[in-house]
Amino acid sequence: MAYDEDLAERVRDALEGERGLAEKKMFGGLAFLLDGNMAVGVTGDALMVRLSAADGEDALAEPGARPFDMTGRPMKGWLLVDPVGHRKAADLGRWVGRGVAFARTLPPK
């Protein structure tokens, strides 16, 4: 699956200046890692966000959010945000910030 290059560029801009930032093609899209831990990514036109399991459940109630499910079993703490939920710069920044905050709680790889 291809990923939205414009969305990837918006995510790059939102992550500018983050230490330990790397990009890696995975999940059929592009992942953005901080010190080896995925924070956010892009697959198709959706934003992938990694959160704690509890935060991920709560976030599913937000506009555009849905479970991240590649195998028929949704991954706890991982979700996809469709364009309606990240179209505005402030919304994208909020989601990216949440992914960054969670990734920073994990030990470097």
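Mentor: Start with glutamate 16. Glutamate 16 is exposed, because its relative accessible area is 65% and the cut-off for exposed is over 50%. It is found in the loop between H1 and E1. Bear in mind that this is a predicted model. Glutamate 16 and valine 40 are 24 residues apart in sequence, and their C-alpha atoms are 13 Å apart in space.

Next, the sheet. It is open, has six strands and runs in the order E1-E2-E3-E4-E6-E5, with antiparallel pairing. Strand E1 (21–26) and strand E5 (65–67) are the edges, and each pairs on one side only. From one strand to the next, the twist averages 25 degrees. Strand E2 (residues 29–34) pairs with strand E3 (residues 37–43) in the antiparallel sense, over five bridges. Leucine 30 has valine 42 in E3 as its bridge partner.

Two helices come next. Helix H1 (residues 5–15) packs on the sheet and touches E1, E2, E3 and strand E4 (46–50). The direction of H1 makes about 5 degrees with that of E2. Helix H4 (residues 89–103) lies across E2, E3, E4, E5 and strand E6 (78–81). H4 runs at about 150 degrees to E3.

The largest nonpolar core has 23 residues. Val11, Phe32, Val40, Leu47, Val49, Leu79 and Trp95 touch the most other members. H1, E2, E3, E4, E6 and H4 each give two or more residues to this core. H4 gives the most, with five residues. Look at leucine 47. Leaving aside neighbours within four places in sequence, its contacts include Leu7, Val11, Val40, Leu79 and Trp95. A second, separate core has eight residues, among them Ala31, Leu33, Phe68 and Leu80.

Trp95 also has charges over its ring. The charged end of arginine 98 sits 4.5 Å from the ring centre of tryptophan 95. Arginine 94 lies over the face of tryptophan 95 too, at 5.2 Å from the ring centre.

Finish with the aromatic pair. The count comes to one. Phenylalanine 68 and tryptophan 78 are stacked, with 6.1 Å centre to centre and 25 degrees between the planes. Phenylalanine 68 is in the loop between E5 and E6, tryptophan 78 is in strand E6, and they are ten residues apart. Phenylalanine 68 counts as buried because its relative accessibility is 4%. Tryptophan 78 is buried as well, with a relative accessible area of 15%.

Terms used:
Residues numbered from 1 in each chain as written. Predicted model: local features only at pLDDT ≥ 70, side-chain atom pairs only at ≥ 80, totals over all residues. Heavy atoms only, no water. Pairing = 2+ DSSP bridges. Helix = DSSP H or I, 4+ residues; strand = E, 2+ residues; numbered from the N terminus. Axes fitted to C-alpha atoms, helices over the stretch in contact; angles between N-to-C directions. Contact = heavy atoms within 4.5 Å. Core = buried A, V, L, I, M, F, W, Y, C linked by side-chain atoms within 4.5 Å. Buried < 20%, exposed > 50% of the residue type's maximum accessible area, 1.4 Å probe, protein only. Phe/Tyr/Trp six-rings, centres within 6.5 Å; stacked < 30°, edge-to-face > 60°. Lys NZ or Arg CZ within 6 Å of the ring centre and 35° of its normal.
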